[in-house]
Each structure stands twice: as C-alpha cells, then as structure tokens.
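Subject: Structure handover and notes

Hello,

Here is the structure you asked to have passed on. My notes follow it.

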Amino acid sequence: MKIVLAPDSFKESLTASQAVAAMRAGVQAVLPEAECVEMPMADGGEGTVEAVVNALHGQRVEALVHDALGRPVTATYGYVPLRQLAVIEVAAAAGLELIPPGQRDVLRASSFGVGQLIRSGLDRGAEDFLIGLGGSATNDGGAGMLVALGAVMADAAGGPLEPGGAALQRLDRIDIAGLDRRLRDVRIRVASDVTAPLLGPTGASAVFGPQKGAGPADVTRLDAALSRLAAVTATTLGRAQPQRQGAGAAGGLGFALAEFLDADIRPGVEEVARTVGLERALRGADWVFTGEGSVDAQTVMGKTPFGVAQLAATAGARVVIFAGRVAPDASVLLDYGVDRLVAITAEATPIEQALRDGATCLTRATAEVCREIAG
C-alpha cells in the first residue's frame with residue numbers, strides 16, 4: 001500500500017514537516033509495511049520555503065535585509081543549487097507578523113526587503129525564482145522592491161520618493177535604467193491565492209489594507225496612490241494591467257512583479273505542487289493524507305488540502321483531510337473527491353491544549369484512520 005503524506009502546516013502547532021512526521025508515526029503503528037511518501041506542502045504562504053527545500057534537498061540561506069519599516073532583520077529564503085532555484089516568502093522580509101500591532105504603519109510600509117532577497121538570490125546564482133506572496137505588511141505596489149533592485153521612483157522635482165505606499169501619490173516618473181540587468185535572464189513565478197486586482201473596491205487597498213491597519217481615509221489615500229503608480233507604469237512601459245488577477249496580492253507586489261519583472265502569477269498550491277513534484281509522487285498511490293489547522297467551505301478556494309485532493313483524484317487515490325478544526329460547512333469537500341474529513345481534537349478541547357498536543361493528536365487520528373483502512 002502506498003500512502004502519500006502531503007499536509008500543510010497546522011498553524012501555531014505544527015510545521016508541515018512536523019505534521020508529516022506525526023502522520024508517518026500513525027501509519028507505521030498500524031500499517032508498518034505501507035510505503036509512505038513524504039511531501040510537506042504549502043500554498044505560497046508560510047511554509048513554502050520549508051516545503052520546497054525539503055522536497056528538493058535545497059538549503060536555507062540567511063540574508064540581512066530591511067523589514068517593512070526599514071529596520072534590519074535577518075530573513076531566510078531557500079536555494080536549490082541543482083536547479084538554480086531561489087524560493088522566497090515575502091513575509092520573511094516584509095511580513096506583518098514581524099511588526100508589533102502598535103508599530104504598524106501601512107502608509108509608509110515598504111517592500112524594499114523583498115527586493116533585497118531577490119538580489120541575494122541573484123548573487124547566489126539563481127535563474128529561477130518562486131515567490132510566495134502571503135502575509136505582507138505593505139501596500140506600496142511593489143515600489144520598494146523595485147527600488148531595491150535598482151529602479152528610481154521620482155517626484156516632479158526629480159527627487160526620490162520616501163518609502164511607502166502613501167508617497168506614491170506624488171510619483172511623477174519611474175526610472176528603470178538601473179534595474180538589475182540579471183533580471184532579464186531569470187524566470188519568476190509567483191505563488192498566490194489572491195486574485196484581487198490592484199485598484200478599486202476589490203483591490204489591494206480596500207480588501208487587505210484594513211488588515212494591515214488602514215482606516216477608511218487611509219484606504220482612499222492608498223488606492224489613489226496605487227492608481228498613480230499604475231498610470232506612471234503605463235507611461236514607463238507602454239502598458240499596464242492593474243486589473244490583472246493577482247495584481248493586488250501582497251499590497252500590489254503582484255502588480256510590480258508582473259509588469260516590471262514579467263512574473264507569472266499562479267495559484268499558490270498548484271505552483272508549489274508543480275515545483276516539488278507532487279503529481280509524480282502521487283503515481284500509484286492508494287491513499288493521500290493531507291490537512292491543515294482548520295478546514296471549512298473556504299478551503300475549496302485554493303487552500304492546500306483542496307489542491308492536493310484535486311491532484312490525488314486525478315491520480316486515482318483516495319483522500320483523507322485531517323484538521324484541528326473541521327467546520328460543518330467543510331462537508332462540501334466531500335463533493336470534490338475527498339473520502340473523509342477527520343478532526344484530530346475533540347470539539348471541546350481548549351485551544352491552548354489543542355495547539356500543544358497537535359503532534360500527538362495527529363498521530364492518534366492517523367492511526368485510527370489506518371485501522372479503518374486495514375479493516
């Protein structure tokens with residue numbers, strides 16, 4: 001029997017690799033002869049570097065960069081020498097969680113550190129980049145990233161703009177003559193589940209700005225600033241597609257990556273699965289065990305368990321989704337090729353206990369499912 005173990009992280013409890021280890025222990029306790037294939041997964045957010053590095057035997061690289069407020073921070077990204085592949089999580093440099101709630105300032109938060117990570121990857125020899133856009137603190141349309149890579153954002157007097165999205169209201173010219181020439185010869189793939197455009201009521205500022213501390217007046221100001229960025233981009237490049245799906249991801253980073261760096265924006269779990277070779281691993285599998293901290297009806301909107309289940313169904317394997325919490329409306333997943341949904345903790349379990357005992361609970365739940373499979 002072949003069982004593929006392909007969970008995402010169980011947030012605040014288990015990394016994807018730890019979840020795989022817990023599942024493997026449960027399988028081996030009941031089905032010691034089963035072939036277990038370990039494929040820790042992610043959807044482009046937290047855990048993407050870990051999933052790719054582990055699957056492709058890469059390495060973790062540390063780089064001193066700036067956080068969203070310009071303070072020094074050591075960020076980690078992944079590098080796979082055999083593929084000349086750099087794997088970057090935007091949140092490692094410009095993450096919201098790096099900044100205490102009382103210090104967050106979405107008006108001046110910058111994506112400069114993301115550009116520094118890309119440059120570090122170029123210095124290491126990367127010719128292929130996979131960039132996950134989840135968890136950013138920024139709303140600057142990727143302007144900071146471009147500046148770190150050599151571009152100049154100038155006002156009408158020719159002076160450089162200060163960092164942050166709000167300053168883009170005064171943007172007059174984008175000079176890309178100094179953009180790192182190595183970028184012309186690389187492939188950039190963006191993993192993101194966000195389909196929002198750059199502008200308007202469903203855009204970066206309106207939808208995600210409030211999550212980063214923007215009030216109603218800030219949202220209006222930031223949307224106007226990103227509109228100015230789109231207009232100047234069109235003048236600079238002769239084209240711009242602010243309405244492109246995913247342009248609003250990570251505060252507009254998707255826009256800058258696509259327009260200036262010719263990045264290809266794809267659904268996160270699909271891109272991660274393609275990179276780590278999940279489809280190949282699923283060949284001949286009887287069962288696939290996946291999961292994450294919580295599943296509900298929104299899981300079908302591109303979360304890891306759903307993406308894994310879709311590929312598993314194509315391969316003819318049966319799927320079990322494990323989760324710390326299984327919402328009642330998660331039953332919709334049973335209509336998409338999922339065999340069963342398994343909550344690993346009892347409903348009344350205190351959250352602190354559930355998080356602390358995640359590995360034990362996942363191992364026990366996996367073992368119980370394996371007993372049912374064994375008949």
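Which backbone nitrogen lies 3.0 Å from a polar atom of the side chain of Asp155? The model is a predicted one, and in it that nitrogen belongs to Ala157. Asp155 sits in the loop that runs between strand E7 (152–154) and strand E8 (173–175). With a relative accessibility of 17%, Asp155 falls under the 20% limit and therefore counts as buried. Leaving aside residues up to four places away in sequence, Asp155 touches Leu161, Arg170 and Asp172.

Two other loop residues have a positive phi without being glycine. For His57, phi is near 55°; this residue lies between helix H2 (48–56) and strand E3 (59–66). His57 is exposed, at 69% relative accessible area. Gln84 is partly exposed, at 32%.

Next, the strands around E6. All five of the five residues in strand E6 (residues 128–132) are buried, so the strand is largely enclosed by the rest of the structure. Asp128, Leu130 and Gly132 point one way from E6, while Phe129 and Ile131 point the other way; both sets are buried. E6 has a parallel pairing with E5 over five bridges, where Val87 is opposite Leu130 of E6. Five bridges also join E6 to strand E9 (residues 187–191), again running parallel. In that pair, Gly132 stands opposite Ala191 of E9.

The largest nonpolar core holds 54 residues, and Phe129, Ile131 and Leu261 are among those with the most contacts inside it. Helix H8 gives the most to this core, contributing eight residues. Apart from this core lies another, of 36 residues, which include Val4, Leu56, Val276 and Val319. As general background, nonpolar side chains in soluble globular proteins tend to be buried together.

H8 itself (residues 249–261) deserves a look. Its 13 residues have end C-alpha atoms only 15 Å apart, whereas a straight helix at 1.5 Å a residue would reach 18 Å. H8 is mostly covered, with 13 of its 13 residues buried. Leu261, in H8 by its numbering, touches Met145, Leu149, Leu179, Leu183, Ile188 and Ala256, not counting residues up to four places away in sequence. Asp262 follows H8 and has a positive phi, near 55°.

Finally, there is an open sheet of five strands, ordered E2-E1-E11-E12-E13, with parallel pairing. Its edge strands, each pairing on one side only, are strand E2 (35–38) and strand E13 (338–343). On average, and ignoring direction, neighbouring strands of the sheet are turned by 25° against each other. Within this sheet, strand E1 (residues 2–5) pairs with strand E11 (residues 287–295) over three bridges, in the parallel sense. Val4 is opposite Val288 of E11. Helix H11 (residues 304–315) lies across E11, strand E12 (318–326) and E13, and runs at about 160° to E11.

Regards

Terms used
Residues are numbered from 1 along each chain as its sequence is written. This is a predicted model: local features need pLDDT of at least 70, side-chain atom pairs count only at pLDDT 80 or more; totals for chains, interfaces and linings use all residues. Side-chain values use heavy atoms; hydrogens and water are left out. Helices (H or I, at least four residues) and strands (E, at least two) are DSSP runs, numbered from the N terminus. Buried means under 20% relative accessible area, exposed over 50%, partly exposed in between (1.4 Å probe, protein chains only). A polar contact is a pair of N or O atoms within 3.5 Å; within protein, one must be able to donate a hydrogen and the other to accept it, and residues adjacent in sequence count only if both atoms are side-chain atoms. Contact means heavy atoms within 4.5 Å. The expected span of a helix is 1.5 Å times one less than its number of residues. A nonpolar core is a set of buried Ala, Val, Leu, Ile, Met, Phe, Trp, Tyr and Cys residues joined through side-chain atoms within 4.5 Å. Two strands pair if DSSP finds at least two bridges between them. Axes are lines fitted to C-alpha atoms, for helices over the stretch in contact, and angles run from 0 to 180 degrees between N-to-C directions.
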